[in-house]
Amino acid sequence: MRDDDLDRILYKEQKIMPSSAFVASVMDAVRREKMAPPPIPFPWKRALPGLFAAGITLVSVLVAGRTLFIQETATHPLPVQLPSTFAVILAGWNSLGASWIAVALVTSVASVKLSMHFATRKRLIG
Amino acid sequence: MAAAEDQSAVEKVLSGDTSAFEGIVRRWQGPLVNLAFRFCRDRSRAEEMAQEAFLRAYRSLDRWRREAAFSTWLFALATNLYCSECRRIPARTFSLHDIAEPTDPRTLDGSLARKNRERLVRCAVFTLPPKYREALILFYFHDMDVASTARSLALPEGTVKARLSRGREMLRRKLSQRLVALQLSKEA
């Protein structure tokens with residue numbers, strides 16, 4: 001097929017007329033838009049002190065942690081052989097009781113998935 | 001004339017006279033609905049998309065910088081919306097293989113064969129990757145004007161030319177494959 005044929009076919013496109021109610025429908029939507037209350041802006045003025053305080057706290061915690069670590073290593077130097085990374089992660093995992101958190105998360109996800117599955121099936125059947 | 005009317009209507013709307021927007025809708029409803037129809041091939045969806053385009057234009061009228069014509073800005077806004085809508089929910093079209101050639105074209109007056117051929121070409125456009133399809137749709141909508149197509153797509157003219165050329169090439173290849181397949185099926 002030549003370019004001329006393609007141009008002729010694609011240029012000659014069926015024209016459609018908008019329905020008679022189209023303008024009214026658009027104007028209704030525009031009026032609704034005008035009547036709708038403006039979106040509530042984010043309260044930056046109120047949030048800024050909180051965000052600022054949070055930032056200061058985070059920096060203080062980091063600085064305090066670093067100072068404590070330096071003091072600790074000065075009085076009790078680190079052992080020559082450090083425990084393996086896996087052992088450190090496991091110790092942290094146990095101290096946090098993360099196993100129970102993981103079980104709770106899996107149970108929650110499973111129950112949500114199951115209920116959504118039933119709800120979708122019911123909607124399809126209905 | 002239309003440009004001056006658009007500008008005056010926009011000023012009125014921005015100063016609080018919502019009813020002035022009706023003039024804009026009346027003036028541009030045909031082009032916007034037809035452009036949407038070229039993207040989705042569905043009359044009612046075309047009207048829905050055009051309505052959304054007008055609504056978005058109303059919401060962002062204050063962002064129209066007077067450097068470009070109002071129509072250019074409106075088409076760019078509508079094109080952006082139609083492209084993203086049709087990428088989100090693609091147009092429902094027939095497969096190229098669903099379009100049957102007449103078993104014996106000699107028995108017909110040729111109009112059916114011609115219509116099938118045209119339908120085949122239009123369906124082939126919808127099988128192209130979006131960036132080529134969008135360039136082709138807009139190019140023919142804007143009376144084969146590359147500059148207008150580029151403005152609507154917010155792309156440099158060179159990019160549009162390259163996409164048009166590549167799109168046409170892909171289209172020709174798809175169509176020739178289909179025509180060869182039809183020829184073989186007739187011979188079998």
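Predicted model: local features only at pLDDT ≥ 70, side-chain atom pairs only at ≥ 80, totals over all residues.
**Chain B as a whole**

Begin by selecting chain B and colouring it by secondary structure. Followed along the sequence, the pattern reads α-α-α-α-α-α-α-α. Chain B has 188 residues, of which 31% count as buried. Consider next the contacts in chain B between residues at least 6 apart in sequence: 59% of these join residues at least 24 apart.

**Two helices of chain B that cross**

Select helix H3 (43–59) of chain B together with helix H4 (residues 70–88) of chain B. Their axes come within 9 Å and cross at roughly 130 degrees. H3(B) is therefore oblique to H4(B). The crossing of H3(B) and H4(B) is right-handed.

To see where the two helices meet, display the side chains. From H3(B), select Met49(B), Glu52(B), Ala53(B), Arg56(B) and Ala57(B). Their partners in H4(B) are Leu74(B), Leu77(B), Ala78(B), Leu81(B), Tyr82(B) and Glu85(B). Sorted by class, this contact of H3(B) with H4(B) comprises eight nonpolar residues, three charged residues and no polar ones.

**Two loop residues with positive phi**

Move along chain B to the loop between H6 and helix H7 (146–153), and select Met144(B). Although Met144(B) is not a glycine, its phi is positive, at about 60 degrees. Is Met144(B) buried, exposed or partly exposed? Met144(B) is partly exposed, because 13 other C-beta atoms lie within 10 Å.

Now select Ala154(B), which lies in the loop between H7 and H8 of chain B. Ala154(B) is likewise a residue other than glycine with a positive phi, here near 55 degrees. Ala154(B) counts as exposed, because it has 9 C-beta neighbours inside 10 Å.

**Where chain B touches chain A**

Display both chains and select the residues at their contact. Chain B contributes 28 residues and chain A contributes 21 residues. On the side of chain B that touches chain A, two or more residues come from each of helix H2 (21–40), helix H3 (43–59), helix H5 (111–126), helix H6 (130–141) and helix H8 (157–187). Which helix gives the most to this side of chain B? H2(B) does, with 10 residues. By class, the side of chain B that touches chain A has 14 nonpolar, nine charged and five polar residues.

Select Pro18(A), in the loop between helix H1 (3–11) and helix H2 (22–35) of chain A. Pro18(A) is buried, because 24 other C-beta atoms lie within 10 Å.

**Confidence in chain A**

Finally, colour chain A by pLDDT. The mean for chain A is 83, and 89% of its residues reach 70 or more. Select residues 122–126 of chain A, where the pLDDT is below 50. Beyond near neighbours in sequence, this stretch of chain A has zero contacts in the model.

Technical notes. Residues numbered from 1 in each chain as written. Chains lettered and ligands numbered in written order. Contact = placed C-beta atoms within 7 Å. Helix = DSSP H or I, 4+ residues; strand = E, 2+ residues; numbered from the N terminus. Nonpolar A, V, L, I, M, F, W, Y, C, P; charged D, E, K, R; others polar. pLDDT = per-residue confidence, 0-100. Axes fitted to C-alpha atoms, helices over the stretch in contact; angles between N-to-C directions. Parallel < 35°, antiparallel > 145°, perpendicular 65-115°, else oblique. Left-handed = near helix turned anticlockwise from the far one by under 90°. Buried ≥ 20, exposed ≤ 12 C-beta atoms within 10 Å, placed from the backbone.
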